[in-house]
Amino acid sequence: MKMLEGKVVFSGIAIGKISVLKKADQSIRRWKVEDVEAEKQRVKAAKRRAVEQLQKLYEKAVQEVGESGAAIFEVHQMMLDDDGYMESIYNMIETENVNAEYAVASTGDNFSAMFSAMDDEYMKARAADVKDISERVIRILMGKDDNDVESDEPVIVVADDLAPSETVQMDKSKVLAFVTKFGSSNSHTAILARTMNIPALINVDYTEDMDGKMAIVDGKKGCLLIDPDEETLEKYRAEKEEELKQRAMLKELKGKPTETKSGRKMNLYANIGNLSDVASVLQNDAGGIGLFRSEFIYLEKDTFPTEEEQFQIYKTVAQNMAGKKVIIRTLDIGADKQVDYFNMEHEENPAMGYRAIRICLTQPEIFRTQLRALLRASVYGTISVMYPMIISVSEVKKIKEIVDQVKAELKEEGIPFKDVEQGIMIETPAAVMISEELAKEVDFFSIGTNDLTQYTLAIDRQNAKLDDFYDSHHEAVLRMIQMVVDNAHKAGIWAGICGELGADMTLTKRFVEMGVDELSVSPTFILPIRKIIREME
Ligand code: PEP
Ligand code: MG
């Protein structure tokens with residue numbers, strides 16, 4: 001058995017034979033043409049045919065993956081209609097007297113290189129699209145059919161890269177998983193794979209001799225197992241069965257509202273730590289993201305993430321969530337989350353030390369960078385921002401002053417942003433006790449029960465020896481939640497829970513009765529909790 005590692009684009013298990021997809025030979029010959037006008041007409045006709053094909057693909061994709069998943073084919077049509085692209089092709093034919101195929105291929109390469117060199121990740125990803133449309137036009141010019149999986153039994157499709165049009169054209173019932181050598185998690189193929197519910201890995205260094213071999217795609221660990229032994233196969237078959245059971249439940253509850261029989265609604269959102277978690281948020285049909293632990297962006301790096309790096313991440317999350325709420329928590333470093341480059345001094349009591357908002361207010365330049373990135377990204381969706389470890393009204397006022405300064409700066413620079421909702425995490429007993437006053441300053445509360453329990457019960461949440469004492473159902477904590485919810489409602493704002501307790505299904509009913517407006521949980525808990533709520537009177 002051989003194992004190849006890869007990056008997970010969409011989770012899941014697939015077991016089956018590998019089909020290595022070989023690109024049609026597209027080495028384009030160049031030749032001299034006499035009748036330049038006729039050659040330009042060939043391009044025009046091929047373009048028209050390509051637009052027709054794309055329209056058909058769009059209609060097919062709308063049926064299969066919905067409008068947002070199909071949008072790429074509209075983008076392709078628009079790209080083909082782009083004057084710059086078409087004129088470049090005509091110019092080349094006119095000035096160099098070359099054949100249409102060659103002019104389209106060269107223009108495709110040039111535009112693709114231009115997109116690849118751009119800083120904007122979204123524009124970078126368009127390089128594959130422009131290649132895709134050029135290849136389509138060339139295929140038409142050459143009188144060739146579209147690429148397809150040539151197999152009767154469902155297979156694991158392995159390729160260098162997959163263009164979105166190739167992905168959607170494949171007969172879904174014949175594809176168990178996608179595995180590619182190249183590609184990015186932001187590419188439309190990746191997005192389509194997620195929407196199609198097909199496990200997908202990228203960055204897998206496969207070889208063509210793997211064609212036809214039995215394999216397992218482990219979209220949880222991120223690996224491709226080739227020629228697995230019987231024991232491994234058995235293990236994965238059992239995992240697959242479990243996954244199918246989960247999916248069946250998932251299917252049943254997807255798209256259904258999270259409300260009790262009497263119509264009491266609950267916002268059921270997901271917690272994420274990075275961009276790649278968004279796939280699971282969508283797969284589990286969360287109503288939004290209730291906690292994006294932004295510090296993971298800092299934890300994954302060796303130096304401070306720049307404004308641009310952060311902007312790209314927040315923007316992509318907002319875009320992928322397509323208008324659904326995305327609550328981004330500002331940096332919560334310190335305590336158990338230490339980062340070398342912050343050069344933090346040793347502390348006797350880090351959980352009660354220099355952490356979270358305390359760092360942001362002491363080193364406002366770090367805070368400002370993050371706020372600029374967040375506000376800039378706000379125009380790409382529905383972003384809210386929340387601040388961790390609040391203990392006083394004066395902290396909130398200081399934060400709001402900084403936010404206003406950053407907004408003024410952006411305005412002056414002519415950079416667009418939206419008026420984002422601002423909330424705070426309630427994770428200290430102090431914040432609970434003054435929640436009536438805090439509620440007048442913010443748009444929402446999100447209760448961080450992990451820290452709230454730690455500070456209320458005076459139990460280090462990291463200390464495994466104290467697990468028996470860490471009573472997450474302690475009345476003190478539950479009464480605090482009630483107090484926070486009541487004070488929020490008195491001020492006309494909403495209150496949710498984003499700590500682990502929110503996913504405690506033995507408490508779901510109680511939370512609904514308490515009037516909690518939102519629960520933000522790990523994506524896999526969304527549907528089981530939706531089920532409980534929908535079964536409630
Ligand atoms: C919490 O404290 O409950 C919380 C959600 O934040 P974190 O677990 O990241 O400290
Ligand atoms: Mg916390």
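Colleague: What pLDDT must side-chain atom pairs have to count?

Modeller: Residues are numbered from 1 along each chain as its sequence is written, chains are lettered from A and ligands numbered from 1 in written order, and side-chain values use heavy atoms, leaving out hydrogens and water. The model is predicted, so totals for chains, interfaces and linings use all residues, local features need pLDDT of at least 70, and side-chain atom pairs count only at pLDDT 80 or more.

Colleague: Is Met389 buried or exposed?

Modeller: Met389 sits in the loop between β12 (382-387) and α13 (393-412). The classes are buried (under 20% relative accessible area), exposed (over 50%) and partly exposed in between, with a 1.4 Å probe and protein chains only. Met389 has 1% relative accessibility, so the class is buried.

Colleague: What is the phi of Met389?

Modeller: Most residues other than glycine have a negative phi. Met389 is not a glycine, yet its phi is positive, at about 60 degrees.

Colleague: And what is the phi of Asn97?

Modeller: Asn97 is partly exposed, with a relative accessible area of 22%. Asn97 is a residue other than glycine with a positive phi, near 50 degrees.

Colleague: Which residues touch Ser112?

Modeller: Ser112 lies in helix α3 (residues 100-116). Its relative accessible area is 10%, so Ser112 is buried. Contact means heavy atoms within 4.5 Å. Leaving aside residues up to four places away in sequence, Ser112 touches Ala127, Val130 and Lys131.

Colleague: Which residues come nearest to ligand 1?

Modeller: A residue is near a molecule if one of its heavy atoms lies within 4 Å of it. There are 14 residues around ligand 1, and those that come nearest are Arg293, Arg329, Gly448, Asn450 and Arg461.

Colleague: Which element gives the most to the shell around ligand 1?

Modeller: β10 (288-293) and α16 (449-457) each supply at least two residues of that shell. Three residues come from the element that gives the most, α16.

Colleague: How much of the accessible area of ligand 1 does the protein cover?

Modeller: Polar contacts (pairs of N or O atoms within 3.5 Å) come first. An oxygen atom of ligand 1 lies 2.8 Å from a polar side-chain atom of Arg329, and one is 2.9 Å from an N or O atom in the side chain of Glu427. Of the 290 Å² that ligand 1 has on its own (Shrake-Rupley method, 1.4 Å probe), the protein covers 98%.

Colleague: Which residues coordinate the magnesium ion?

Modeller: Donors are N, O and S atoms within 2.8 Å of the metal (3.2 Å for Na, K and Ca); water is not among the atoms, so sites may look incomplete. At 2.0 to 2.2 Å, the magnesium ion (ligand 2) is coordinated by Glu427 (OE) and Asp451 (OD).

Colleague: How many residues apart are Glu427 and Asp451?

Modeller: Glu427 is buried at 2% relative accessibility, and Asp451 is buried at 3%. Glu427 is in the loop between β13 (421-426) and α14 (429-433), while Asp451 is in helix α16. The pair links distant parts of the chain, with a spacing of 24 residues.

Colleague: What separates the C-alpha atoms of Lys60 and Gly334?

Modeller: Lys60 is in helix α1 (residues 36-80) and is partly exposed at 32%. Lys60 and Gly334 are 274 residues apart along the chain, and their C-alpha atoms are separated by 50 Å.

Technical notes: A polar contact is a pair of N or O atoms within 3.5 Å; within protein, one must be able to donate a hydrogen and the other to accept it, and residues adjacent in sequence count only if both atoms are side-chain atoms. Helices (H or I, at least four residues) and strands (E, at least two) are DSSP runs, numbered from the N terminus.
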